[in-house]
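Morning, everyone. Please have the sequence and the model open while I talk.

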Amino acid sequence: MTDASVVSGKATARTLGLLAIGTAVLTFSFGSTLVKKAGIPGPTLAFWRMLMTSCSWALILWATERRHVTRHELRRALLPGTSYGLNITLFFSGVTRTTVANAEFIGSLTPVILIPAGALLFHEKVNVRALSFGLVSLLGLAIVLFNAPTTGEASWTGNLLIVGAVVLWAGYLLSSRKLRQDMSVQAIMAAIMPIATVAVFPVALLRGELDDVTARSIPYMVVLALLTGTLAHGMMVFAQRTVPIGTIGLLQVAQPALAVVWAFLLLDQGIRPVQLVGMALVMVGQVAVVTATRRADQQAARDASDGAAPVT
């Protein structure tokens, strides 16, 4: 095996990680609309969705590794699991008290925390060029969301709940990445989800909303559990092994613009012509982020190839 082949393999793994992030972002973009459509309190939806997701990941772990999650794994997942559970509770609660546009725009501020944290905690090199393209996306995102038609649903309470959710989401991404170094995706999620469920339970119980489930809300709850809780989070954890935290945060900037589209299609929320310009900027910025990251990997592979020597 040569240095060039090792670097090339890493570049391929990075590409798969970027594709996984793209899948996760597309899936997550449905979340706000589905929460709105469910029509039940945020903590209630968070708890039952989390419980379903815990069961699905336990089944996946058994089917793939023929085992249950261990106590050691649960202890390691205590911080990310708690952060994730409280993040979902605050986000679901905030979305029911503000507009999809406000919730998603505030959520897009995650890179402000992730990029410096990734450089500080994981010594990740900050790709200045990719970061500049990410700023283009943020500009487009501001155009999309600040020009959304006024619906009268926004509130400071809802906005502040989303701010809290952003901080917890960043904490979840940073703490769960350490688990990815020596645990499989299914083991990580099977450990995180029950802890998150336990973290959400007292919130829903103390608010007296644990049984506020309606027949209409159940399908949305199931879809959230399968799409976001299982597929999207599985893709996110898979990507964390090869994609820098800062890049993950930048790619998630596309999520709010997509969420505005789903809100238009499923919630009858209007889209203004100027928002289409913003959406185009968001997408162009995201493509540029992926391209810049990929080219950096390819250049590293070429540099290694030029001075390659066989290794054993």
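Helix α11, residues 217-239, gives the most to the nonpolar patch, with 3 residues. Helices here are DSSP runs (H or I, at least four residues), numbered from the N terminus. This is a predicted model: local features need pLDDT of at least 70, side-chain atom pairs count only at pLDDT 80 or more, and totals for chains, interfaces and linings use all residues. Residues are numbered from 1 along each chain as its sequence is written, and side-chain values use heavy atoms, with hydrogens and water left out.

Which residues make the patch? Met 52, Val 213, Ile 218, Val 222 and Leu 226, over about 360 Å². Leu 226 sits in helix α11. Patch members have over 30% relative accessible area and no salt bridge; nonpolar side chains (Val, Leu, Ile, Met, Phe, Trp, Tyr) are joined within 5 Å, like charges within 9 Å. A salt bridge is a side-chain nitrogen of Lys or Arg within 4 Å of a carboxyl oxygen of Asp or Glu. Areas come from the Shrake-Rupley method with a 1.4 Å probe; for residues, only the protein chains shown count as cover.

Now Thr 53, in helix α3, residues 42-65. Buried or exposed? Thr 53 counts as buried because its relative accessibility is 0%. The cut-offs: buried is under 20%, exposed is over 50%, partly exposed is in between. Leaving out residues up to four places away in sequence, Thr 53 touches Met 193, Ala 225, Gly 229 and Thr 230. Contact means heavy atoms within 4.5 Å.

Next, the core. The largest nonpolar core has 71 residues; Leu 45, Tyr 84, Phe 92, Tyr 172, Met 189 and Met 236 touch the most other members. Helix α10, residues 185-206, supplies the largest share, 12 residues. A core is a set of buried Ala, Val, Leu, Ile, Met, Phe, Trp, Tyr and Cys residues joined through side-chain atoms within 4.5 Å. Beyond four places in sequence, Met 236 has contacts including Ile 21, Phe 28, Trp 169 and Gln 252.

Ile 271 is in the loop between α13 (254-267) and α14 (273-306). At 25% relative accessible area, Ile 271 is partly exposed.

Last, confidence. pLDDT is the predictor's confidence in each residue, from 0 to 100. The protein averages 82. Helix α7, residues 110-122, is lowest at a mean of 69; helix α4, residues 71-76, is highest at 95. Over residues 308-312 the pLDDT is below 50. Where pLDDT is low, the predicted coordinates should not be read in detail.

Key:
Helices (H or I, at least four residues) and strands (E, at least two) are DSSP runs, numbered from the N terminus. Buried means under 20% relative accessible area, exposed over 50%, partly exposed in between (1.4 Å probe, protein chains only).
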